[in-house]
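This briefing covers a helix and its surroundings, ring pairs, pockets and a few loop residues. Please look over the sequence and the model before reading on.

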Amino acid sequence: MSLSEINSRIEAACAKAGRDVDTVKLIAVSKVQPLDRVQAVLDEGHRLFGENRVQEAAGKWPDFRQQCGSIDVHLIGPLQSNKARQAMELFQAIHSVDRPKLAKAIARLAQELGHCPEIFLQVNTGEEAQKAGVLPADADGFIAECLGLDLPVQGLMCIPPLDEDPSLHFALLAKIAARNGLSGLSMGMSGDFENAIALGATHVRVGSAIFGDRGVK
Ligand SMILES: *Cc1c(COP(=O)(O)O)cnc(C)c1O
């Protein structure tokens, strides 16, 4: 599928939900994709991408920025505290802040660097042992802690379990955000972004539907 087809589907989903299309940002998830595919999407004028590893992003985006000017890249994968500095220099947003230690490291660096990416707090809505994110029961406390650190918290992020109806998870994330006064909702991937838009997503993270399957060259 092409970028323009995905944009059309986003427009249709917004129309159906009675939402302005400007309220939904498309993050083109370029992790592991061959550079020529990423280049093609840049050539179409898209300027917002998602990566899930700091190292991989560091090897790719400085060159593309040199060539195309400013490009927003969001970190959507797990972040170790010792890579926080590098992440804050590379990314315009971090969607995976999920523990106090990391939040404190980012807050300290923000003081030192004088800037901070937009912050999304990851919630493990499915309470899956192997998945990152704070548990729903701990979310209110963690949000308050991050706001207390003066982090620019835009909203919440989730990755629903593969084998469950994602709508329940999107609705739960939206509910936690609303009761904490947060407007950003990073949710929805290739298979379910229209669903996520219906439930309030402000940032959809779409990879394979734009670029093709990862690993197929
Ligand atoms: C890879 C990834 C995506 C994109 O997944 P697709 O199914 O290819 O759209 C979205 N969010 C996160 C956190 C990811 O790691």
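Directly after helix α4 comes G69, whose phi is positive, near 85 degrees. The model is a predicted one. Helix α4 spans residues 61–68, and its residues W61, F64 and R65 are buried.

**Helix α4**

- The buried residues W61, F64 and R65 cover an arc of only 100 degrees around the helix axis, so they sit on the same side of α4.
- The face turned away from that buried side carries D63 and Q66, both exposed.
- Cover for the buried residues of α4 comes from elements including α2 (35–43), β2 (48–51) and α3 (54–58).
- Strand β3 and helix α5 (84–90) are also among the elements that cover the buried residues of α4.

**Aromatic pairs**

- The count of aromatic pairs is 2.
- In one of them, the ring centres of F49 and W61 are 4.7 Å apart and the planes stand at 40 degrees, so the pair is tilted.
- W61 and F64 both belong to helix α4 and are 3 residues apart, about one turn of the helix.
- F64 has a relative accessible area of 6%, which means that F64 is buried.
- Through these ring pairs, F49, W61 and F64 are linked into a cluster.

**Largest pocket**

- The largest pocket holds about 570 Å³ of space.
- It is lined by 27 residues, and those closest to its centre are K31, I159, P160, M189 and R205.
- Sorted by class, the lining of the largest pocket comprises 12 nonpolar, 8 polar and 7 charged residues.

**Second largest pocket**

- The volume of the second largest pocket is about 160 Å³.
- Its lining is made up of N7, K25, L26, H46, R47, L48, D72, H74, Q92, E118 and H203.
- The elements that contribute two or more residues to this lining are β1 (25–29) and β3 (72–75).
- By class, the lining of the second largest pocket has 2 nonpolar, 5 polar and 4 charged residues.

- V123 lies in the loop that runs between β5 (118–122) and α7 (136–148).
- Its relative accessible area is 3%, so V123 is buried.
- Leaving out residues up to four places away in sequence, V123 touches G133, V134, L135, P136, A139, L156, M157, C158, L173 and I176.
- For one of these contacts, A139, the C-alpha to C-alpha distance from V123 is 6.9 Å, while the two residues are 16 residues apart in sequence.

- V32 is not a glycine, yet its phi is positive, near 65 degrees.
- The position of V32 is in the loop between β1 and α2.
- With 44% relative accessibility, V32 counts as partly exposed.
- E127 is not a glycine either, and its phi is positive at about 50 degrees.
- The loop between β5 and α7 contains E127, and V123 is found in the loop between β5 and α7 as well.
- E127 is exposed, with a relative accessible area of 54%, whereas V123 is buried at 3%.

How values were computed:
Residues numbered from 1 in each chain as written. Predicted model: local features only at pLDDT ≥ 70, side-chain atom pairs only at ≥ 80, totals over all residues. Heavy atoms only, no water. 1 Å grid on protein atoms, 1.4 Å probe; cavity = no way out; pocket = protein on both sides within 12 Å on 5 of 7 lines; lining within 4 Å. Points joined across faces, edges and corners; volume = space filled by probe spheres on them. Nonpolar A, V, L, I, M, F, W, Y, C, P; charged D, E, K, R; others polar. Helix = DSSP H or I, 4+ residues; strand = E, 2+ residues; numbered from the N terminus. Buried < 20%, exposed > 50% of the residue type's maximum accessible area, 1.4 Å probe, protein only. Arc of directions from axis to C-beta. Contact = heavy atoms within 4.5 Å. Phe/Tyr/Trp six-rings, centres within 6.5 Å; stacked < 30°, edge-to-face > 60°.
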